[in-house]
Amino acid sequence: QVQLVESGGGLVHPGGSLRLSCAASGSIQGIYGMGWYRQAPGKQRESVASIATGGSTNYADSVKDRFTISRDNAKNTVYLQMNGLKPEDTAVYLCNAHILTSPYFPPNDYWGQGTQVTVSS
């Protein structure tokens with residue numbers, strides 16, 4: 001099976017920075033799109049940033065110019081560098097990846113367990 005394990009969350013003051021990591025492991029034949037989502041209490045889950053296999057990226061308008069997504073294909077890992085954090089960025093951040101585990105079946109979406117990011121003074 002496949003596991004996605006996130007790390008790097010925590011408590012930070014407004015204006016601070018954090019770097020999230022998400023490592024995929026297991027029976028992986030290939031990883032396509034990877035991305036980060038977040039869910040704040042009482043709100044719907046929203047896409048924060050995504051990165052394709054070739055490196056093209058997309059960002060939510062609310063995080064453009066503050067967050068940077070990147071990936072290391074050799075390590076099956078996706079990162080999210082978050083700068084200029086604001087209280088409204090507080091949420092559980094979840095990693096998502098579109099992963100091929102068998103040449104006989106289409107790829108599936110996998111999710112990490114989430115890591116808490118709290119921005120507060």
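A polar contact is a pair of N or O atoms within 3.5 Å; within protein, one of the two must be able to donate a hydrogen and the other to accept it, and residues adjacent in sequence count only if both atoms are side-chain atoms.

**Before we start**

Residues are numbered from 1 along each chain as its sequence is written. The model is predicted, so local features need pLDDT of at least 70 and side-chain atom pairs count only at pLDDT 80 or more, while totals for chains, interfaces and linings use all residues; side-chain values use heavy atoms, with hydrogens and water left out.

**The whole protein**

How many helices and strands does the protein have? There are zero helices and eleven strands. Here helices (H or I, at least four residues) and strands (E, at least two) are DSSP runs, numbered from the N terminus. The radius of gyration of the protein is 14 Å, close to the 14 Å that the globule rule gives for 121 residues, so the protein is as compact as a globular protein of that length. That radius is taken over C-alpha atoms, and the globule rule is 2.2 Å times the number of residues to the power 0.38. Along its principal axes, the C-alpha trace spans about 50 × 25 × 25 Å.

Of the 121 residues, 40% count as buried. Buried means under 20% relative accessible area, exposed means over 50%, and partly exposed lies in between (1.4 Å probe, protein chains only). The protein exposes about 6500 Å², and carbon and sulfur atoms supply 49% of this area. Accessible areas come from the Shrake-Rupley method with a 1.4 Å probe, and for residues only the protein chains shown count as cover.

Contact means heavy atoms within 4.5 Å. Among contacts between residues at least 6 apart in sequence, 57% join residues at least 24 apart.

**Two buried threonines**

T115 lies in strand β11, which covers residues 115–119. With 12% relative accessibility, T115 counts as buried. A polar atom of the T115 side chain lies 3.3 Å from the backbone nitrogen of G9. Leaving aside neighbours within four places in sequence, T115 is in contact with E6, G9, L20, A91, V92 and Y93.

Now look at T77, in strand β8. Is T77 buried or exposed? Its relative accessibility is 7%, so T77 counts as buried. A polar atom of its side chain lies 2.8 Å from the backbone oxygen of K75. Not counting residues up to four places away in sequence, T77 touches C22, A23, M34, S70, R71 and D72.

**A buried leucine**

The place of L94 is in strand β9, residues 91–100. L94 counts as buried because its relative accessibility is 8%. Beyond residues up to four places away in sequence, L94 touches E6, G35, W36, Y37, R45, W111, G112, Q113 and G114.

**Residues in the loops**

I28 lies in the loop between β3 (18–26) and β4 (30–39). I28 is partly exposed, with a relative accessible area of 22%. Leaving aside neighbours within four places in sequence, I28 is in contact with V2, N76, I99 and L100.

G15 sits in the loop between β2 (10–12) and β3. G15 is exposed, with a relative accessible area of 55%.

Most residues other than glycine have a negative phi. Which value does phi of D65 take? Phi of D65 is near 75°, a positive value. D65 is in the loop between β6 (57–59) and β7 (67–72), and at 84% relative accessibility D65 counts as exposed. Phi of N76 is also positive, near 50°. N76 is found in the loop between β7 and β8 (77–82), and at 25% relative accessibility N76 counts as partly exposed.

**Sequence and space**

To finish, here are some pairs, with separation along the chain beside distance from C-alpha to C-alpha.

| Pair | Apart in sequence | C-alpha to C-alpha |
|---|---|---|
| T77 and N108 | 31 residues | 17 Å |
| I28 and H98 | 70 residues | 10 Å |
| G15 and H98 | 83 residues | 32 Å |
| L94 and V5 | 89 residues | 9.4 Å |
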